[in-house]
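Here are some friendly notes to read with the structure open beside you. Take the points one at a time, and find each residue in the picture as you go.

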Amino acid sequence: MRHIVVFKYKPSATPEQIEQVTKAFGELKDKIPGIVVFEHGVNDSPENKNLGFTHVYQMTFEDAAARDTYLPHPEHQKFGELLGQLNILEDAFVVDYAPVGE
C-alpha cells in the first residue's frame with residue numbers, strides 16, 4: 001500500500017522549518033509498525049503543473065491494514081500537531097493506492 005502526501009508550504013516557511021517537518025515525517029517509520037519505506041523529495045518537473053505543491057512524501061505500508069493503523073496512531077497525531085504549531089502548511093493532498101504490476 002502506497003501513501004503519498006504532497007505539501008504546498010506557505011511562502012513564509014523557512015528551509016529549517018521544512019526540514020523539521022521532513023525529519024519528523026520520516027521518523028514515523030521507526031515509531032509506527034507496518035511502515036516499510038519512507039521516501040521524500042522536492043518537485044523538479046519542468047511541466048509547471050504542480051499548482052504550488054512542492055514537497056512529496058511517500059510511505060509504503062505492509063498492507064492496507066497497516067495504513068489504517070497509521071492514520072489514527074498517536075505518533076501520527078503528534079506529527080499533525082507539529083504541523084499546526086509551525087503553521088507553515090498552505091495545503092496538502094493525499095493519495096493512497098495499492099500498486100498493480102503488469
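1. Let us begin with a term: two strands pair if DSSP finds at least two bridges between them. Keep in mind, too, that this is a predicted model. With the term in hand, look at β2 and β3, which run antiparallel and are joined by seven bridges. Here Glu39 stands opposite Gln58 in β3.

2. In what order do the four strands of the open sheet lie? The order is β2-β3-β1-β4, and the pairing is antiparallel. Because β2 and β4 stand at the edges with a single partner strand each, one side of each has no neighbour in the sheet. From one strand to the next, the twist averages 15°.

3. Now follow β1 (2-9). Towards β3, β1 is joined by six bridges in an antiparallel arrangement, and Ile4 stands opposite Gln58 in β3. Gln58 of β3 also has Glu39 opposite. Towards β4, β1 pairs in the antiparallel sense over eight bridges, and the bridge partner of Phe7 there is Ala92. Is β1 mostly covered or mostly open? Mostly covered, as seven of its eight residues are buried.

4. Next, find the helix that lies across the sheet strands. Helix α1 lies across β1, β2 and β3, and runs at about 165° to β2. At 2% relative accessibility, Phe25 counts as buried, because buried means under 20%. Which residues does Phe25 touch, leaving aside its neighbours within four places in sequence? They are Val5, Phe7, Phe38, Tyr57, Met59, Tyr70 and Phe79.

5. Phe25 also belongs to the largest nonpolar core, which has 23 residues. Phe7, Val21, Phe25 and Tyr57 are the members that touch the most others. At least two residues of this core come from each of β1, α1, β2, β3, α2 (64-70) and α3 (74-86). Which element gives the most? It is α1, with five residues.

6. Aromatic rings deserve a point of their own. The model has nine aromatic pairs. Phe25 and Tyr57 have ring centres 5.0 Å apart and planes at 35°, so this pair is tilted: planes under 30 degrees apart would count as stacked, and over 60 as edge-to-face. Tyr57, at 2% relative accessibility, counts as buried.

7. For another pair, turn to Phe53 and Phe93. Their ring centres are 5.1 Å apart and their planes meet at 75°, so the pair is edge-to-face. Phe53 lies in the loop between β2 (35-42) and β3, and Phe93 in strand β4 (residues 89-97), so the pair ties together parts 40 residues apart in sequence.

8. Finally, trace the ring pairs that join up. They link Phe7, Tyr9, Phe25, Phe38, Tyr57 and Phe79 into a cluster. Among these, Phe7, Phe25 and Tyr57 are also listed with the core residues that touch the most other members. If you colour the cluster residues in your viewer, you can follow the pairs by eye.

Key:
Residues are numbered from 1 along each chain as its sequence is written. This is a predicted model: local features need pLDDT of at least 70, side-chain atom pairs count only at pLDDT 80 or more; totals for chains, interfaces and linings use all residues. Side-chain values use heavy atoms; hydrogens and water are left out. Rings of Phe, Tyr and Trp (its six-membered ring) pair if their centres lie within 6.5 Å; planes under 30 degrees apart count as stacked, over 60 as edge-to-face and the rest as tilted. Buried means under 20% relative accessible area, exposed over 50%, partly exposed in between (1.4 Å probe, protein chains only). Axes are lines fitted to C-alpha atoms, for helices over the stretch in contact, and angles run from 0 to 180 degrees between N-to-C directions. Contact means heavy atoms within 4.5 Å. A nonpolar core is a set of buried Ala, Val, Leu, Ile, Met, Phe, Trp, Tyr and Cys residues joined through side-chain atoms within 4.5 Å.
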